[in-house]
Amino acid sequence: MNDSTHWLLGRLDASALPFWDALQHPTTKSVVNAVIASGAASLVIIGALVVVFGLTWLRRWGWLWREWLTSPDHKKIGIMFIALALVMLARAVIEAVFMRLQQALGLDGGFLTADHFGQLFTTHGTIMVFFMAMPFLTGIINYVMPLQIGTRDLSFPVMNQISLGLTAAGAALVMISLVLAPFSTGGWTGYPSFTERAANPGAGVDYWIWAVTLSTLSSTLSGINFAVTIYKRRAPGMRWMRLPLFTWTALCTAILMVFAMPPLTVATALLALDRYLDFHLFTADLGGNMMNYINLFWAFGHPEVYILILPAFGIFSEVFSTFAGKTLYGYTALVIATLAIAVLSFTVWLHHFFTMGQSAHINAIFGIATMLIGIPTGVKIYDWMLTLFRGRIRLSVPMIYASGFIMLFVLGGLTGIVLAVPSVDYQVHNTLFLVAHFHNMLIPGLLFGMLAGTNFWFPKAFGFRLEERWGRRAAYAWIVGFMLAFFPLYALGVLGMPRRTVAFFTPAYLPWTLTAMVGAVIILLAMTCLLVQLWVSVRDRHLNAVPIGDPWDGRSLEWAVSSPPPEYNFPVIPEIHGRDAFMLEKERGKAYQVPDEYPDIVLPANSAMGVIVAVTGTAIAFGLTWYQWWLVLLAAGITLAAVITRGFCRDTTRTLPGEEVRRTHLNWLAQVRATVPIDRSQEQSCANRGLPLPPVEGAIQ
Amino acid sequence: MSALTARQTAATDAPARHPGINLGHAHREGEESREEMVFGFWVFMMSDMILFGLLFATYVTMLGGTAGGPGPKELFDMRGAFFETMLLLVSSFTFGMASLALKYRDDRRALVGWLLITLLLGLGFVAHELYDFHKMFEAGGVPSRSGFLSAFFSLVPLHGLHVSVACVWLIALLGQLAVHGLDAQTKNGLIRLAILWHFLDIVWIGIFSLVYLGGLA
Amino acid sequence: MSRRMLSNAEAQERASEQRNYLWGFALALILTLIPFGVAAYADWQPLHLYLLIGACALVQVVVHFRCFLHITLSRNKREDLQLILFTVLILSIMVGGTLWILFNLYYRMMPDMLP
């Protein structure tokens, strides 16, 4: 590297290429690893090229720009969040399969280098938490919550774009790190002093820091947006205790995002100061204290668990009551339990580091606080079971996920109570028991919820149902695959196998690691089933179309509008008279009415802010990672200029004439009248056009 | 009783809709979006408060981490801290006067005048703080010297950075005022900036009490 | 200098709001001067000094919230007040917990870090 290119490229040079090391030191292992890493890198490049050429070939750039990238519509932003989450999910699942493969073959070695394995578990964890789970739940809240509370958009549509832009920038950074390696090997928690510059001078940890920081900023903004929307934009009559339960969980998640993201921002920002400006906050020397990083990280990390799980609780509540055909049992108890979990989640973070060396009484107090969370969670489980009790249950795909969730989640919760006992934790901490526990919470508790939600609301978003058979196969494969992949890890943990180990020397582990490997393959199959399901559904979209918009005999307001909903959601903002607002309308025969008048509708105008932030965010983070200061300054300057210019913009809305709204709405109402309503037994047949038979009097409980 | 009823029915006694100054009935345009925006900004302030709170906590836990380097007594200068405190406090007051001018006067001169004074005080604060840091650097108080100094330099300059951003925002708003006049959006901006400004003054109470006075006591 | 024509009630409100800011400024000034003055010129025991500084700071924070940010106990602003109280709760859990945990760790393992 000479001086003339140094200002341009910073510390980026040929050694960042994934096959460079194998060219320098060709051994069997390094070549195998280089092939895998280069394969992943080429997938990223090929994927990007296919998208670019495809869009050019189909002449869809203008469409993409106008209809999606610059759209402030919460529904489109939600869909983009979910699409991003699914792409990242695919990558992280493949990484998980590689890790399982390594540990299945890992007796005395395996095929991955320790460094490569370290990058795999770090990216897997980072992606799953920050770039799969967070965008997935943000996307679903984005899509559903405004419809449920009867409003036209979030409070701050452009800020919503910026949230998406920031998350996309972080995800892009993680993807770029496959091509210009390495990523961090410090795990998704990134503990110093391993991640300090003294131990880890390369670009990997910096990639991790900036990717996570971008995601954190995004989530903070999303949290503010959701909270303000729920506080200020509820339709008239939508009192607090009439909110659908999903909206309650969205509110609690939003509040947690607002208050739990700052500790992570502090932790990563201080780590960055250590690495870039030679601060000594977490170093081993000169008065640094790395234990504070762990403390700060988990002050974020534990509420984060509930940020992830609460929306899924909300989704399951909707799914249980809809597919049991009953009103939710113990609504008030569920609301109180949700609020209690949200507050308690701030009081337990120390249980992530019981073994750090603090006094036994501190451990005991935090252990007890941890067990307390089991109480509101237990209340929820009973409420859900009692919702099902004597309901007329339809075992649709979301219900399969929900049933899998309720059983597996209780098991995971019990192991959590076990781990909350500090003396037990001392025995199994840092083993695969822990890995098994949190996957047992997050796969049934988060991922099943998100997949159930996707199957549940997909017809709302796209106007046709997802195909059931492949959906069921995917759901069962997820459940079985999960059990096979993670139950053995409990055993391995008790046997003493440490987490994050690239190789082991105890043959007794082998049967368990092999079983887990089989489970991972089944999960991969489940992913394939999801893809096939999507493909088949799109192919048969006319057969499964539900234009009327209420395919499941839904209870809350989002089912009251057409599928897909118009961009303004509601032709006229509805008035709410009780809980389960739409079911109440149907019961009283007030659904699908013509309003007296159609006022003009003011909508936010398109804006390029989200795209600008996504591009400059990626550029700033990339420049910081590789010490390309010109890029950082340039991109930061553009961001600042864009924000200030935006402040001078005055034409930020456009008006839709009421006449146009009237025409669309009357067309749809005519379609409603022309449609044959169906019985619940026909729900999964082609006869389902999204119009249920009106409820029999007295049948709704 | 009658006085009370009179007060309640008075035309200007509008219900307060958000923190910070409420413009009331004379400023109808954009009232709804204003309520929402100010509330959103308030939530952001609360998030920021957590950020500062944790940096304060980190600072306190690092007080012992001087690693043989200079500590508060060698580095801090009470007169500088006092001067900065006064600049910020007065600027908070002048921003309050600007808010009143925004609410009760039609001409922009008073508003712009108070805003310019506030801006000068804010810039003066930043400049003096930089000068203070410069003196600390000369006395060997650099962040790479010890954990204590690292904690100091991650807390206090972050506040300074906030003030700088607020100054940039103020300049941008003065620009908007020049281009678009005192329309609903400029008013919304000014009300949110006022909240940020007063909030930063509250954070500074923590800094001068805990960091400077606590360190020198 | 032209002023908007203020109605009687508006003029009253304006006067009361101006008083509000002036009171806030005066109180804040006093509450700043006391701790600075005592720290600079009086020879108090550190503990007493800390208590005085802390008390003045707390009161001053309340004054700022009340007079500059207009957070009052009146009915219509309860949302903001609730939010502040919730923030204070979360903050005290996080900050209190951090101090408790870390000083306990120092006491047991890193006595040098105890100030």
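User: How do I read a nonpolar core here? Which residues touch the most other members of the largest one?

Analyst: Start with the general idea. In soluble globular proteins, nonpolar side chains tend to be buried together. Now the case at hand, which is a predicted model. The largest nonpolar core has 299 residues. Those that touch the most other members are A:Met132, A:Ala227, A:Phe316, B:Val43 and B:Ile195.

User: Which element gives the largest share of this core?

Analyst: Helix 10 of chain A does, with 22 residues.

User: Let me zoom in. What is A:Met132 in contact with, beyond its neighbours within four places in sequence?

Analyst: A:Met132 is in contact with A:Ala85, A:Met88, A:Leu89, A:Ala92 and A:Ile127. Take that last partner. A:Ile127 lies in helix 6 (residues 114–149) of chain A. Set aside neighbours within four places again, and A:Ile127 is in contact with A:Met88, A:Arg91, A:Ala92, A:Met132 and A:Val174.

User: Is A:Ile127 buried or exposed?

Analyst: Count the C-beta atoms around the residue. The cut-off for buried is 20 or more others within 10 Å. A:Ile127 has 25, so A:Ile127 is buried.

User: How do I read a helix? What span does helix 8 of chain A have?

Analyst: Compare the span with the expected value. Helix 8 (residues 204–232) of chain A has 29 residues. From its first C-alpha to its last it reaches 42 Å, close to the 42 Å expected at 1.5 Å a residue. Then check the cover. Helix 8 of chain A is mostly covered, with 27 of its 29 residues buried.

User: Now chain C. How many helices and strands are there?

Analyst: Chain C has three helices and zero strands. Along the sequence, the pattern is α-α-α.

User: What does the radius of gyration of chain C tell me?

Analyst: Set the value beside that of a compact globule. For 115 residues, such a globule would be near 13 Å, but chain C has 21 Å. The box tells its own part: the C-alpha atoms fill roughly 70 × 40 × 25 Å along the principal axes. Buried residues make up 30% of chain C.

User: Where do the domains of chain C lie, and what distance separates their centres?

Analyst: The domain assignment gives domain 1 (8–70) and domain 2 (73–115). Their centres, taken over C-alpha atoms, are separated by 23 Å. Look at contacts in chain C as well. Among those between residues at least 6 apart in sequence, 46% join residues at least 24 apart.

User: How do I read an interface? How many residues of chain B and chain C are in contact?

Analyst: The size of an interface is often given as the accessible area lost when the parts come together. Here we count residues instead. 48 residues of chain B are in contact with 51 residues of chain C. Helix 2 of chain B gives the most to its side, with 11 residues. By class, the side of chain B that touches chain C has 30 nonpolar, 13 polar and five charged residues.

User: And how many residues do chain A and chain C give to their contact?

Analyst: Chain A gives 15 residues and chain C gives 12. Helix 10 of chain A supplies the largest share of the chain A side, four residues. That side has eight nonpolar, seven polar and no charged residues.

User: What is phi of A:Arg500 and of A:Tyr627?

Analyst: A:Arg500 has a positive phi of about 55° although it is not a glycine. A:Tyr627 also is not a glycine, and its phi is positive, near 60°. A:Arg500 lies in the loop between helix 16 (468–495) and helix 17 of chain A. A:Tyr627 is in the loop between helix 19 (609–626) and helix 20 (629–648) of chain A.

Technical notes:
Residues are numbered from 1 along each chain as its sequence is written. Chains are lettered from A and ligands numbered from 1 in the order in which they are written. This is a predicted model: local features need pLDDT of at least 70, side-chain atom pairs count only at pLDDT 80 or more; totals for chains, interfaces and linings use all residues. Two residues are in contact if their C-beta atoms, placed from the backbone, lie within 7 Å. Helices (H or I, at least four residues) and strands (E, at least two) are DSSP runs, numbered from the N terminus. Ala, Val, Leu, Ile, Met, Phe, Trp, Tyr, Cys and Pro count as nonpolar, Asp, Glu, Lys and Arg as charged, and the others, Gly among them, as polar. A nonpolar core is a set of buried Ala, Val, Leu, Ile, Met, Phe, Trp, Tyr and Cys residues joined through C-beta atoms within 7 Å. A residue is buried if 20 or more other C-beta atoms lie within 10 Å of its own, exposed if 12 or fewer, and partly exposed in between; C-beta atoms are placed from the backbone. The radius of gyration is taken over C-alpha atoms; the globule rule is 2.2 Å times the number of residues to the power 0.38. The expected span of a helix is 1.5 Å times one less than its number of residues. Domain bounds come from an automatic or database domain assignment.
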